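User: I have not seen this structure before. Could you take me through it?

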Amino acid sequence: MPKNSKSSQTVLWWIGWIVLTIASFFVSCAFWTNFIAQHVGPMQQKDVPILWVTAVFGSWIVLLIPLIIVMYAKVDKAYEDSRMAREAAELEKARHLFPIRSVLVDPKDRLLESRWRDTLKSLPETMKKGHLVHLVLRDGRWIENVFIHDKKEILGIYNAGSMDFKSQDIAGVEPADLSHLPKNFNTENWLRLDGVL
């Protein structure tokens, strides 16, 4: 739905809600004025004005309860829609500012064996729930700057086009030296392995 159309509907809904609120007051007034005049007496009679005010405003409040419930639901939905739109806009902005490449690698090929998890437990985290490491593979290859999430999952590889090995091929894990990171250590050079963009 176009944004202008949605805004117009919101304005119309608020106008409708205000009209119903005012109309319910006059309905209450008309009903109790007629009812009291027929069954109790004229307004000049003692205590009739107090009865009229109590009846009118009491019934008006009762009539307002469903309107207030509907209003609350609408406001809550509008707030939720606004929050989701804001988060979507922020995510889109982040994608443009920090573009990444992503492929989906089977999770079982990315999960570390228990011995490497134990090794990571003894190493300081590079960031919260994350380790930047180098991997030594059984075929002798050295894979630099691999991001391990939560000490168990290979989540990203820097300067790689694909993940051409499996976690079962790992023969060693070495912490990356943060003082010797590649020049221009940019977000767009990361390959994310869980398929999330």
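**A serine contact, the sheet and a pocket**

Analyst: The side chains of S59 and S28 are joined by a polar contact of 2.5 Å (a pair of N or O atoms within 3.5 Å, one able to donate a hydrogen and the other to accept it; residues adjacent in sequence count only if both atoms are side-chain atoms). This is a predicted model, where local features need pLDDT of at least 70 and side-chain atom pairs pLDDT 80 or more, while totals for chains, interfaces and linings use all residues. Residues are numbered from 1 along each chain as its sequence is written, and side-chain values use heavy atoms, without hydrogens and water.

User: Which helix does S59 lie in?

Analyst: S59 belongs to helix α2, residues 48-97. Helices (H or I, at least four residues) and strands (E, at least two) are DSSP runs, numbered from the N terminus.

User: And what does S59 touch, apart from its neighbours within four places in sequence?

Analyst: S59 is in contact with S28 and W32, contact being heavy atoms within 4.5 Å.

User: Now the sheet. What is the strand order?

Analyst: The open sheet of six strands runs β1-β6-β4-β3-β2-β5, with mixed pairing; two strands pair if DSSP finds at least two bridges between them. β1 (101-102) and β5 (170-175) each have a single partner strand, so one side of each lacks a neighbour in the sheet.

User: How do β1 and β6 pair, parallel or antiparallel?

Analyst: They pair in the parallel sense, over two bridges. R101 has L191 in β6 as its bridge partner.

User: What about the second largest pocket: which element gives the most to its lining?

Analyst: That is β6, with three residues. The lining residues divide into eight nonpolar, three polar and one charged (Ala, Val, Leu, Ile, Met, Phe, Trp, Tyr, Cys and Pro count as nonpolar, Asp, Glu, Lys and Arg as charged, the others, Gly among them, as polar). A pocket is an open set of points on a 1 Å grid over the protein atoms alone, where a 1.4 Å probe fits, with protein on both sides within 12 Å along at least five of seven lines; lining residues have an atom within 4 Å of a point.
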